[in-house]
Amino acid sequence: MMKRISFFAYGCFAYLVFLGTFLYAIAFVGGFAVPARLDGPPRGPLASSLMIDAALLTVFAVQHSVMARRWFKAWWTTIVPKEIERSTYVLFASLALMLLFWQWRPLGGIVWSVENTAVAAILWTLFAAGWGLVLVVTFLINHFDLFGLRQVWYALVGTPSPKVTFTTPGPYRFVRHPLYFGFLLAFWMTPTMTLTHLVFAVATTAYIVLAIQFEERDLVAEHGAAYETYRRRVPMLVPGR
């Protein structure tokens, strides 16, 4: 029983760390309310700052993609108990983001700056809508399974965790990856696009497009013809394409 309680406590801890990191990420990208921000005056030479930022983004991308792959999970769960595998993934992702927040190097420079108040308000609204969409979509596809709480809860009560079925609720009828679409809105919709922000937005967009390729291979392997049919019928990221 103590083992199951410790798994549950660990899962709750990992979830709370994620929640704090997610809220910090909104302020970090938006440039408000937190000491470490995406934009700001340069903190060093452009070349070295770019290399550091690229390394930080690579650490997150590798962790986020490799630890999510089926082959890695099969090996990883020989070391980490299956019940807390997802919570461990969530915790490691949060730590990778914390490292990015801590060591990020702003580059300075303005690419564009919107002076019109109404247009700026629209861009901020889309920024907020992007983050809101990300959060809403996690609940549509089972928020607590995605972040490991469902697994540790079933472990606590001693019941096998039911398999999550393939469904296409709400925005999934228009694009296959509305969660990633929300991130694209959050990263690109800004009244002031600095060189730093542009590098961040381009790099994360490239990662999202690449990550989808790996993710969809796993989805086809897990759901077979149902996902293949869905993939042919619904566009990847841009509604109506």
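Analyst: A salt bridge is a side-chain nitrogen of Lys or Arg within 4 Å of a carboxyl oxygen of Asp or Glu; by this rule the count comes to five. The model is predicted, so local features need pLDDT of at least 70 and side-chain atom pairs pLDDT 80 or more, while totals for chains, interfaces and linings use all residues. Residues are numbered from 1 along each chain as its sequence is written, and side-chain values use heavy atoms, with hydrogens and water left out.

User: What makes the contact of Glu216 with Arg176 a salt bridge?

Analyst: The closest N and O atoms of Glu216 and Arg176 are 2.7 Å apart, and the cut-off is 4 Å. Glu216 belongs to helix α9 and Arg176 to the loop between α7 and α8, so the pair ties together parts 40 residues apart in sequence. Helices here are DSSP runs (H or I, at least four residues), numbered from the N terminus. Both Glu216 and Arg176 are buried, that is, under 20% relative accessible area, where exposed means over 50% and partly exposed in between (1.4 Å probe, protein chains only).

User: Why are Arg231 and Glu228 called partly exposed?

Analyst: The relative accessible area of Arg231 is 30% and that of Glu228 is 26%, so each value falls between the limits of 20% and 50%. The side chains of these two residues, Arg231 and Glu228, also meet in a salt bridge, at 3.0 Å from N to O. Salt bridges that share partners join Arg176, Glu216, Glu228 and Arg231 into one network.

User: Why is the pair of Phe18 and Phe147 called stacked?

Analyst: Rings of Phe, Tyr and Trp (its six-membered ring) pair if their centres lie within 6.5 Å; planes under 30 degrees apart count as stacked, over 60 as edge-to-face and the rest as tilted. The ring centres of Phe18 and Phe147 are 4.0 Å apart and their planes stand at 20°, so the pair is stacked. Phe18 in helix α1 and Phe147 in the loop between α6 and α7 are 129 residues apart.

User: How do you know that α8 is roughly antiparallel to α9?

Analyst: Helices α8 (residues 178–188) and α9 (residues 195–223) pack at about 170°, their axes being 9 Å apart. Axes are lines fitted to C-alpha atoms, for helices over the stretch in contact, and angles run from 0 to 180 degrees between N-to-C directions. Angles under 35 degrees count as roughly parallel, over 145 as roughly antiparallel, 65 to 115 as roughly perpendicular and the rest as oblique; α8 is therefore roughly antiparallel to α9.

Note on methods. Helix = DSSP H or I, 4+ residues; strand = E, 2+ residues; numbered from the N terminus.
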